[in-house]
Amino acid sequence: MSVSADSGRDIPGLAQRALDAFAESSERGRDRDALMDTAFARLFDLYRATTRAERSSPAGQNFNATLAGLLVSGNNPDRLSLYVVRSQTAAENGRHEGYRPACWRRSMLQVLGDEFVPLRDFLRPVDLDAIPRIDDAMEAVAGDASPATVEAVPAWVPETHWWWWEPARQRGEEAPGHTRTDSGTLDPVTD
């Protein structure tokens, strides 16, 4: 991944900040929620600044390999398990405590798995098994949840992240054509 002068994007800097955040999460013993949230936020910054082609370039593949090592090192396996558990709790409480945070957490897992490192490469089997339960919970609470309208869904959200549109779909509103059943696997499509 390289710096794009025309857009002012410092992709190497964003990549390093993401790796540094996951490294800090791996090494530090305290602030487990804050560290993982920061790491996902840094990874999201990189995701937003890059194209799929940039993420699959040689530099992108190098980043992904380094990230894959960090995801299974130190404290990160436990922190990722906790992130999955908290994602499921957020989904189950979506109608009471806000559906949007559950959508955000679910999308961060999906972006990590689809765009950087396949989930099966670093999540424990119990955590992989939790993903469908998170989806079940989101589907179950969506009828009573917001975002209130399709327009409330952030522009960056891929159409395959059906959970963002599920409340509107259940109310019979216009939503992208993707549903849970056609959202595909959790692994990236490779050519």
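This is a predicted model: local features need pLDDT of at least 70, side-chain atom pairs count only at pLDDT 80 or more; totals for chains, interfaces and linings use all residues.
H4 covers residues 58–71 and packs on H7, residues 99–116, while His161 sits in the loop between helices H8 and H9.

**Helix H4 by itself**
- With 14 residues, H4 spans 20 Å from its first C-alpha to its last, close to the 20 Å expected at 1.5 Å a residue.
- Gly60, Phe63, Asn64, Leu67, Leu70 and Leu71 are the buried residues here.
- Looking down the H4 axis, those buried residues fall within an arc of 120°, so they line one face of the helix.
- Over on the other side of H4, you'll find Pro58, Asn62 and Ala65 exposed.

**How H4 meets H7**
- The two helices pack at an angle of about 135°, and their axes are 11 Å apart.
- H4 and H7 are therefore oblique to each other.
- From H4, Phe63, Asn64, Leu67 and Leu71 do the touching, and they meet Leu112, Glu115 and Phe116 of H7.
- Sorted by class, this contact has 5 nonpolar residues, 1 polar and 1 charged.
- Phe63, Asn64, Leu67 and Leu71 also turn up among the buried residues of H4.

**His161 in its loop**
- The loop that holds His161 runs between H8 (125–141) and H9 (166–170).
- His161 has 2% relative accessibility, so it counts as buried; the cut-off for that is under 20%.
- Leaving out residues up to four places away in sequence, His161 touches Ser107, Gln110 and Val111.
- Val111 and His161 are 50 residues apart in sequence, yet their C-alphas are 9.5 Å apart in space.

Conventions:
Residues are numbered from 1 along each chain as its sequence is written. Side-chain values use heavy atoms; hydrogens and water are left out. Axes are lines fitted to C-alpha atoms, for helices over the stretch in contact, and angles run from 0 to 180 degrees between N-to-C directions. Helices (H or I, at least four residues) and strands (E, at least two) are DSSP runs, numbered from the N terminus. Angles under 35 degrees count as roughly parallel, over 145 as roughly antiparallel, 65 to 115 as roughly perpendicular and the rest as oblique. Contact means heavy atoms within 4.5 Å. Ala, Val, Leu, Ile, Met, Phe, Trp, Tyr, Cys and Pro count as nonpolar, Asp, Glu, Lys and Arg as charged, and the others, Gly among them, as polar. The expected span of a helix is 1.5 Å times one less than its number of residues. Buried means under 20% relative accessible area, exposed over 50%, partly exposed in between (1.4 Å probe, protein chains only). The arc is that of the directions from the helix axis to the C-beta atoms.
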